[in-house]
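Reader: I'm new to this one. Could you show it to me and then take my questions?

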Amino acid sequence: KKVIVWGHYVHLNKKGKPDSNVSEYVDNLTSLLGKQHSNEMYVAHFLGGVGKFTNFMNMKEVVIKPPKKTSLGYHLQTNGITSTFIDANDINLDDKEIKNMMIRDFSYSGYNSLSKGWKELWDGIFFIKTITPVTYKK
């Protein structure tokens with residue numbers, strides 16, 4: 001049995017959040033859980049191609065920036081994929097183009113020393129081309 005931990009980007013990943021003030025990673029929920037339960041967790045990331053999401057810090061909708069042409073999101077989107085799941089164990093890191101794509105995708109926010117790309121952050125990625133914010137009525 002495993003617990004599936006899912007989320008987006010720095011909030012949930014196996015390394016923690018990069019902190020430029022101290023040149024290291026600061027623990028987040030997943031990195032803390034991993035210290036005790038790493039063999040019992042599967043960490044999954046959500047990646048959206050286009051659409052909007054809700055910034056829960058201020059509850060405002062934010063338009064997703066178009067993916068860079070060198071990114072995984074762009075590659076999936078331009079090849080007609082509307083949704084998919086990629087398990088990190090299925091990634092061939094001997095393919096330099098794929099490895100570089102995985103590293104470039106996440107180097108812009110402080111994850112610039114990922115020798116294995118996002119496999120160091122997550123066990124898998126859900127890609128959904130068009131995402132929409134959660135809505136609810138009070």
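Reader: How many salt bridges does a search of the whole structure find?

Author: This is a predicted model, where local features need pLDDT of at least 70 and side-chain atom pairs count only at pLDDT 80 or more, while totals for chains, interfaces and linings use all residues. Residues are numbered from 1 along each chain as its sequence is written, and side-chain values use heavy atoms, with hydrogens and water left out. A salt bridge is a side-chain nitrogen of Lys or Arg within 4 Å of a carboxyl oxygen of Asp or Glu. Searching the whole structure that way, the count of salt bridges comes to 2.

Reader: Which residue forms a salt bridge with Lys 35?

Author: Side chains of opposite charge can pair when their charged atoms come close. Lys 35 is exposed at 54% relative accessibility (exposed means over 50% relative accessible area, buried under 20%, partly exposed in between, with a 1.4 Å probe and protein chains only). Its closest N and O atoms in the bridge are 2.7 Å apart, and the partner is Asp 27.

Reader: Which residues of H1 are buried?

Author: Helices (H or I, at least four residues) and strands (E, at least two) are DSSP runs, numbered from the N terminus. H1 covers residues 29-37, and on its other side Leu 29, Lys 35 and Gln 36 are exposed. The buried ones are Thr 30, Ser 31 and Gly 34.

Reader: Is Ser 31 buried or exposed?

Author: Ser 31 sits in helix H1. Leaving aside neighbours within four places in sequence, Ser 31 is in contact (heavy atoms within 4.5 Å) with Asn 13, Lys 14, Lys 15 and Gly 16. At 5% relative accessibility, Ser 31 counts as buried.

Reader: Which residues do ring pairs link into a cluster?

Author: Rings of Phe, Tyr and Trp (its six-membered ring) pair if their centres lie within 6.5 Å; planes under 30 degrees apart count as stacked, over 60 as edge-to-face and the rest as tilted. The structure holds 3 aromatic pairs, including a tilted one between Tyr 42 and Phe 85, 6.3 Å centre to centre with 40° between the planes. Tyr 42 lies in strand E4 and Phe 85 in strand E6, so this pair ties together parts 43 residues apart in sequence. The cluster linked by ring pairs is Tyr 42, Phe 46, Phe 85 and Phe 126.
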